[in-house]
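Thanks for coming, everyone. I would like to walk you through one structure this morning, slowly enough that you can follow each part on the screen.

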Amino acid sequence: MIEVQGLRKTFHDRKKGDVPAVKDISFTCRPGQVFGLLGRNGAGKTTTLRMLATILSPSAGTAKVAGFDIIQKPAEVRRRIGYLSGDTKLYDRLTGRELLTYFGTLAGMEPSAIPARIDALTKPFALDGLLDKRVGKMSTGMKQRLSIARVVVHDPEVLIFDEPTSGLDVFGAREVLALVLDLKKRGRTVIFSTHIMTEAERICDEIAIIEKGSILKQGTLATLGAGNGSGSLEDVFVEAVKGGLDDR
Amino acid sequence: MTGRTMAVFRKELIDTLRDGRTIFAIFVFPFLLYPALLMLMGYIQSKNDEEAKAFSVRVGIVGAAQFPAASEKVAAVEGVTVVPFDQEPATYDAADVQALLVLPPDLAGMIARGDSVKVELRYKDADNKSSETAKRLKPAMDEVRQALTLEWAKSRGANATAPPALTVERKDISSKKELGGYIAALLIPYLLIFMVAAGAMQTAIDATTGEKERSTLETILASAATRAELVIGKVMAVLAASLTGAVTGILGLWLSFGVLAAHLTVMKSQALELSVSPEKMLLLFLTLLPAAIFLSAILVAIGCFARSMREGQTYATYVYMASVFLGLSSFTQSESVPLKQFFVPILNTALLQREILTDTVQASHAFAAIGSSSLLAALMIVIAVRLFSNEQVLFRT
């Protein structure tokens, strides 16, 4: 479960002064649900997800992730999340097995439990042939499968995906989305940011349209579609962003 | 020490050991480059010696007619052509000689009156050929002095035909072992500091700024490991790399000066007996540890602060140069070093190690050096953790 309450983040820039990146956003994401943050580049998606992953501290407001406050109990939060960003990479000089062992240990898994967990992940993530290969020698698709395996190695309750398909071809992207849906089926809480409408339509149960750090619209596909009557998420998105800009 | 810290340590070590640049710096460099450099030095030196013996030089003698014995002695030196001058040339360079022996005017009168006589051999240290000429003329100059002494004795009524057989000779009676010990005391502390700094640089920047540049930083920041666990794991890996660098560096030197130099003709002149007892080696290692932790932590802190590998390497180079400078400063210290110098980081370690190697350790010096280095190492780790916990530093662009 993720409960976000009035979350804000302001960055200080020497030339520009205080620059608000996220302005007072609130939403809830339940177990067994994929919550989509849909927005353009620079809309505030990454900053929001980084705050939920406790990589950044909020300037105001707070959130509870897996029942723990991100400000009060960041270590407890990190123990229960898996975080993947499309920009993040893996260590080229490690093999797949070494990488999963490393992140399993960082997550606090018992060393003796890690090999069995890697075995369990091998089939669903098609890791055969990757475990003893160095990351640097893997294809982009292989790396992305390993990245997701890395995120779930400790079987976290909450998964935070920040544009995980960025840079992938259509096959790689479909593979990633299938894995995300599988996590949802297994009752995990998934928050997923993207700027690709079809992705959001395909996997998100609830979507928040975010622009310039604020949530402009939020709801299920049906409720969002009913809002403008077109049924197309792209239309809803464009209308919402245009409206948001006009309001400013 | 937590399992997570050890995991970071292991991961960074694996990463380091699979990096060709680090392998080259830590393992290949000391065992190939040092012997190669030593062979080159030996070759150049022997060539220089041969050339120094072979080349012909012109030596001017001003007032040669007053004292023909001077010309005879100088002309007897191999490869020397005497150029007599009645009076001093306007400038040294105008004389077109490699050295100029100046006899004072009225030499005979001065001797007869018992005045002090000063004969000058003018040469240029800045000119290799001139400097070599002066060295070559040294025995001849002794003979000129003896001949002048004889003249003086005769003028005082002595009945002598040859100078008295009185000689004071300088003779270095140091054994190879003693010479090796002296050079070890001077060089090893400096080299250890230099090698620790060099060994730490690459790993520290790779483990910190490298995470930013390769976009792997967020993966560990979002993990359950605390910032302190991550930083300490990284400092430990940097420390391991730096100490390995120091050990392989010393082994490379021992291999070059102690083994290869003794067996290869071209390197014979460099052969030294660099024997340091195991107890002293252990003490050197223990005294090096706080300084190595300090250097590792400072480089990790720099890596956390730097925005890019390039920026990190630039800052790290300053730390490296400062370490080398402080290590070098230990060369110039006299035997009695004031206590306050044992509070200066890096320098204190080099000075204490020199005391260990020369059996002159003072308890106050050891406490000051190890205590202050340990304190600084701890402080630097705290700073590194703070920097690694500061999102404005980690994500600054």
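Before I give a first number, I need one definition: a residue is called buried if 20 or more other C-beta atoms lie within 10 Å of its own. Please also keep in mind that what you see is a predicted model. With that said, of the 248 residues of chain A, 46% count as buried.

Let me stay with chain A as a whole for a moment. Chain A has nine helices and ten strands, and the C-alpha trace spans about 55 × 40 × 35 Å along its principal axes. A compact globule of 248 residues would have a radius of gyration near 18 Å, and because chain A has 18 Å, the two agree. If we take the contacts in chain A between residues at least 6 apart in sequence, 66% of them join residues at least 24 apart.

Now to a sheet in chain A. Strands of a sheet pair through backbone hydrogen bonds, and they can do so either parallel or antiparallel. Here four strands of chain A form an open sheet in the order β2-β1-β4-β5, and the pairing is antiparallel. Its edge strands are β2, residues 17-29, and β5, residues 68-69, of chain A, each of which pairs on one side only. Inside the sheet, β1 of chain A, residues 2-13, and β4 of chain A, residues 60-65, pair in the antiparallel sense over five bridges, and if you look for Ile2(A), you will find that its bridge partner in β4(A) is Val65(A).

Which strands does helix α1 of chain A touch as it packs on the sheet? Helix α1, residues 45-52, touches β1, β2 and β4 of chain A, and its direction makes about 115 degrees with that of β1(A). Leaving out residues up to four places away in sequence, Leu49(A) touches Ile160(A), Asp162(A), Ile191(A) and Ser193(A).

Further along chain A there is a hairpin. Strands β9, residues 206-211, and β10, residues 214-220, of chain A run antiparallel and are joined by six bridges, with Ile209(A) standing opposite Lys217(A) in β10(A). Two residues lie between β9(A) and β10(A), and Lys212(A), in the turn, has a positive phi of about 50 degrees.

Let us move to where the chains meet. The contact takes 24 residues from chain A and 21 residues from chain B. On the side of chain A that touches chain B, the elements giving two or more residues are α2 (74-79), β6 (81-85) and α3 (96-106) of chain A, and the largest share, five residues, comes from α3(A). Sorted by class, that side of chain A has 13 nonpolar, five polar and six charged residues.

Strand β1 of chain B, residues 57-62, pairs with β3 of chain B, residues 99-102, in the parallel sense over four bridges, and the bridge partner of Ile61(B) in β3(B) is Leu101(B).

Finally, two helix pairs in chain B. Two packed helices are described by the angle between their axes and the distance between the axes. The axes of α7, residues 176-207, and α12, residues 309-329, of chain B come within 9 Å and cross at roughly 170 degrees, which means that α7(B) is roughly antiparallel to α12(B). By class, their contact has 15 nonpolar, four polar and no charged residues. The other pair is α11, residues 278-305, and α13, residues 347-357, of chain B, packed at an angle of about 170 degrees with their axes 10 Å apart. The contact of α11(B) with α13(B) has seven nonpolar, three polar and one charged residues.

Terms used:
Residues are numbered from 1 along each chain as its sequence is written. Chains are lettered from A and ligands numbered from 1 in the order in which they are written. This is a predicted model: local features need pLDDT of at least 70, side-chain atom pairs count only at pLDDT 80 or more; totals for chains, interfaces and linings use all residues. Two strands pair if DSSP finds at least two bridges between them. Two residues are in contact if their C-beta atoms, placed from the backbone, lie within 7 Å. Axes are lines fitted to C-alpha atoms, for helices over the stretch in contact, and angles run from 0 to 180 degrees between N-to-C directions. Angles under 35 degrees count as roughly parallel, over 145 as roughly antiparallel, 65 to 115 as roughly perpendicular and the rest as oblique. Ala, Val, Leu, Ile, Met, Phe, Trp, Tyr, Cys and Pro count as nonpolar, Asp, Glu, Lys and Arg as charged, and the others, Gly among them, as polar. The radius of gyration is taken over C-alpha atoms; the globule rule is 2.2 Å times the number of residues to the power 0.38. A residue is buried if 20 or more other C-beta atoms lie within 10 Å of its own, exposed if 12 or fewer, and partly exposed in between; C-beta atoms are placed from the backbone.
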